Amino acid sequence: MPYAYDDQNIFAKILRGEIPNKTVMETDHTLAFEDIQPQAPHHVLVIPKGAYVTADHFALEASDAEIVDFTRVVGQICRALGMQPGEGGVGYRTISNAGEDGVQEVPHYHLHILGGRPLGRMLQPAG
Ligand code: AMP
């Protein structure tokens, strides 16, 4: 089944400038902004500007340029926030929720970057 993109999702509205955001970084293909309900001292969302629903959609259908740009932005944010373990930082976590089991709330692909405190184990037992 093809990926169906809902252009009324909240991140599409952010990309169109219809609602504000706290931008951390912007490039030709990628926007990074602060999560409105941060779960850690650093909580940044990285989104492609293209209409992709999930990580697999982006990985399979985005152009090489979009994928490289997105990936570099992730690295630049981790560096800017001083979270790189190899460079004296104490780490971070990236998460991308997809679909129903992944409990994805916003159907525009986004990568959460979380850090600034110990983050605990990756998953809690299913409730
Ligand atoms: P997910 O469950 O991965 O789809 O998470 C969506 C994330 O988007 C949540 O962490 C929300 O806090 C965040 N969010 C929703 N609306 C906004 C907004 N207007 N600006 C920034 N972050 C938002």
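Modeller: One definition before we start: helices (H or I, at least four residues) and strands (E, at least two) are DSSP runs, numbered from the N terminus. This is a predicted model, so local features need pLDDT of at least 70, side-chain atom pairs count only at pLDDT 80 or more, and totals for chains, interfaces and linings use all residues. Residues are numbered from 1 along each chain as its sequence is written, and side-chain values use heavy atoms, with hydrogens and water left out.

Biologist: What about Asp35, how far is its polar side-chain atom from a ligand oxygen?

Modeller: That pair is 2.5 Å apart. At Ile36, a polar backbone atom is 3.1 Å from a ligand nitrogen. Val103 puts a backbone N or O atom 3.2 Å from a ligand oxygen.

Biologist: How much of the ligand does the protein cover?

Modeller: 88% of the 510 Å² of accessible area that the ligand has on its own. Those areas come from the Shrake-Rupley method with a 1.4 Å probe.

Biologist: Back to Val103. Where is it, and is it buried or exposed?

Modeller: Val103 is in the loop between strand S4 (92-95) and strand S5 (111-115). It counts as exposed because its relative accessible area is 56%. The cut-offs are under 20% for buried, over 50% for exposed, and partly exposed in between (1.4 Å probe, protein chains only). Val103 also has a positive phi of about 55°, although it is not a glycine.

Biologist: New topic. Where's Thr54?

Modeller: In the loop between strand S3 (42-48) and H2. Thr54 is buried, because its relative accessibility is 8%. Its C-alpha is 9.7 Å from that of Tyr5, 49 residues away along the chain.

Biologist: And Ser63, where does that sit?

Modeller: Ser63 lies in the loop between helix H2 (55-61) and helix H3 (64-80). At 33% relative accessibility, it counts as partly exposed.

Note on methods. Polar contact = N/O pair within 3.5 Å; in protein donor to acceptor, adjacent residues only side chain to side chain.
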